[in-house]
Amino acid sequence: MVKPVALLGGKSALYSIIAIAIALALIPLVLGYNMYYVYLAAQVVLVTIMVLAWNIIGGYAGQLDLASSGYMALGGAVSGLLLAFYNVTPWLGMPLGALTAAGLAFLMGYPTFRFGVKEVWYALSTAALVVILQRVFWLIYGSTEIYMPIHRWSWYHLRFSRYEPLYYMLVVILLVTLWLNIRIKNSKLGYYLTAIGEDELAAEALGIDTRRYKLYALLIYASILGFVGGIYVNLTSIVSFRMFDPWLGIVVAVMGIIGGLGSIAGVFMAAVILRTLEEYLRSMFGATIPGIHLLIYGLLLIVVGVLKPEGFAGFLKYFRRRLARGGSGG
Amino acid sequence: MGSAILSVRNVTKRFGGLVAVNRMSMDVRSNEMLGLIGPNGAGKTTLFNCITGVYKPDEGRVFFEGREITGLPPHVVVKRGIARTWQKVRPFKKMTVLDAVTVGALLKIPSVESAKERAREVLEFVGFPKEKFARLGSEITLIEHKLVDLARALATGPKLLLLDEVAAGLRPHEMDTLAKVLLRIRDELGVTMVIVEHVMRFVMNLSERIIVMHEGVKIAEGTPKEVASDPRVIEAYLGTKPV
């Protein structure tokens, strides 16, 4: 049985998910079904999924994984190449992408956890994984961009002349990932992962098979990313070596940290706000001063880091306390 | 006196050229409260780490309830029934006190709700203040940390509890409180205990049997009185008398 869990104060998790679902469903309407804006909204939802998936390995289990973009691109490549070359539907390609990403995660995680690779060394090895995947892809397919087939409106190919269908698919995956986060947090798995994230040796001494549980977290994380990769390639219509983007892997981890490791609401808000802001800054200043959005973005990260090391979760807690005080006073 | 619940046989652990534990043997009897004392660097914590699987001994064997546990990883050793606390507390800072103890209880109770219930009972048993169950690990005092550490280990349902300097850093009246809790754990829960200390007073009052280690070897064994008057023990603690 799922106990109602406070996501943003007193409301139950279910209500929060429904509220988020309604808000996200209305966004294309609010944006006036403008193609470009809906595309950006889909990008924001995609990054939010990535950060929520990362929260399981990075937030709960405390492993600074920087390979999220690698797992997503791998899943995307599997699904995209099957579609482009063999006309295989992404409905099959996406689960296969998830499986491939999970397989790679196992190959990566088993030895890393077996030999106790931790902290910065773990971060470095996962960052290297993305670069290696990029090089391998480049060796096979070179720098050519592989285009997805063009269809005006095909649910078989998941190819559409508008972005709304993919946007809504991403919203569904986001909600599932959110639910999964809440579910894990309140389960034995969540308690164990959080303990591992806090102090691995103490966790081990309480009977937790830390290697096994870290591997569980890594497999869940990689599967979600591998799955969503199939939608990503259909959103951009291109499979290329550039998808294996080490920078994106870092951004996802940074958002998870800024959100307040392990705090579902904080991580959710950090991803939505920071990604939207980045896009806004790019469109406002990107043309006049190239790269300025990255500078402002970076400054903001420093400010949050200095003022509230516990991230957005800290701000949320503060507001919740203020609200509670106001409520009891009035 | 009961039979040996834990047997350490000729355990040696080296770090490079340093022999931290040197052919150490000892028996822990069922339901006793054994004191393991010795000056700093005597090898007590290393011995604990060899028993609990944090280190693999270079030589020697460890038996628990007649079964060999030498070199088993820590999470397996706990499942067999040996829990421990830490010399330097290793708190779960971002978890509430109740959740931290729940992690321990989850070893034998798979349901989170029941494990939480068990955690509440254990916290109350060790005398942790009820109104602070929802505090975060980063918000409690040292004695409270020690109690949480103890409750966390106890929640795994051990038969043997290894306590690594539980009394270190505590004020005298806090030590008395803790001593009472330890006695209750042994008498009411039937948990055997090994208490590592280098502050002698605390163990001397609690344990009926004491083993003294110095530079990795056992130099004395006996009642607190016998041990305290043993010349080798006095020498180890105070050094030789100048001629």
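Modeller: β9(B) and β10(B) make a hairpin with two residues between them. E215(B), in that turn, has a positive phi of about 45°. Strands here are DSSP runs of E with at least two residues, helices are runs of H or I with at least four, and both are numbered from the N terminus. This is a predicted model, where local features need pLDDT of at least 70 and side-chain atom pairs count only at pLDDT 80 or more, while totals for chains, interfaces and linings use all residues. Residues count from 1 along each chain as its sequence is written, chains are lettered from A and ligands numbered from 1 in the order written, and side-chain values use heavy atoms, with hydrogens and water left out.

Colleague: How many bridges hold β9(B) and β10(B) together?

Modeller: Five, and the pairing of β9(B) (residues 209–214) with β10(B) (residues 217–222) is antiparallel. DSSP has to find at least two bridges before two strands count as paired. Within this pairing, I211(B) is opposite E221(B).

Colleague: And which way does β3(B) run against β9(B), parallel or antiparallel?

Modeller: Parallel: β3(B), residues 33–37, is joined to β9(B) by four bridges. There L36(B) has I211(B) as its bridge partner. In general, strands of a sheet pair through backbone hydrogen bonds, in either the parallel or the antiparallel sense.

Colleague: How many of the residues in β9(B) are buried?

Modeller: Five of its six, so β9(B) is mostly covered. Buried means under 20% relative accessible area, exposed means over 50%, and partly exposed is in between, with a 1.4 Å probe and protein chains only.

Colleague: Different bit. What is the strand order in the open sheet of chain B?

Modeller: The order is β2-β1-β4-β5, four strands with antiparallel pairing. At the edges are β2(B) (18–29) and β5(B) (67–68), each pairing on one side only. β4(B), residues 59–64, pairs with β5(B) over two bridges, and F64(B) faces R67(B) there.

Colleague: What joins β1(B) to β2(B)?

Modeller: Eight bridges, with the two strands running antiparallel. S7(B) is opposite D27(B) of β2(B). They also form a hairpin with two residues between them, where G16(B) in the turn has a positive phi of about 60°.

Colleague: Which helix lies across that sheet?

Modeller: α1(B), residues 44–52, lies across β1(B) (4–15), β2(B) and β4(B), at about 115° to β1(B). That angle is between N-to-C directions, from 0 to 180 degrees, of axes fitted to C-alpha atoms, for helices over the stretch in contact. Contact is heavy atoms within 4.5 Å.

Colleague: Back to phi. What about R23(B) and its phi?

Modeller: R23(B) has a positive phi of about 45° although it is not a glycine. It is in strand β2 of chain B and counts as exposed because its relative accessible area is 53%. N31(B), also not a glycine, has a positive phi of about 65°. N31(B) is in the loop between β2 and β3 of chain B, and at 38% relative accessibility it is partly exposed.

Colleague: Chain A now. Why does V130(A) count as buried?

Modeller: Because its relative accessibility is 0%. V130(A) is in helix α5 of chain A, residues 119–141. Residues up to four places away aside, it touches L66(A), A67(A), S69(A), G70(A), F244(A), D245(A) and P246(A). V130(A) and P246(A) are 116 residues apart along the chain, with their C-alpha atoms 5.8 Å apart.

Colleague: Last topic. How many cavities of 30 Å³ or more are there?

Modeller: Three. A cavity is a set of points on a 1 Å grid over the protein atoms alone where a 1.4 Å probe fits but cannot get out, and lining residues have an atom within 4 Å of a point.

Colleague: What lines the largest cavity?

Modeller: Its lining has 14 residues, with P91(B), F92(B), H145(B), V148(B) and R152(B) nearest its centre. α5(B) gives the most, four residues.

Methods:
On a 1 Å grid over the protein atoms alone, a cavity is a set of points where a 1.4 Å probe fits but cannot get out, and a pocket is an open set with protein on both sides within 12 Å along at least five of seven lines; lining residues have an atom within 4 Å of a point. Grid points are joined across faces, edges and corners, and a volume is the space filled by probe spheres set on the points.
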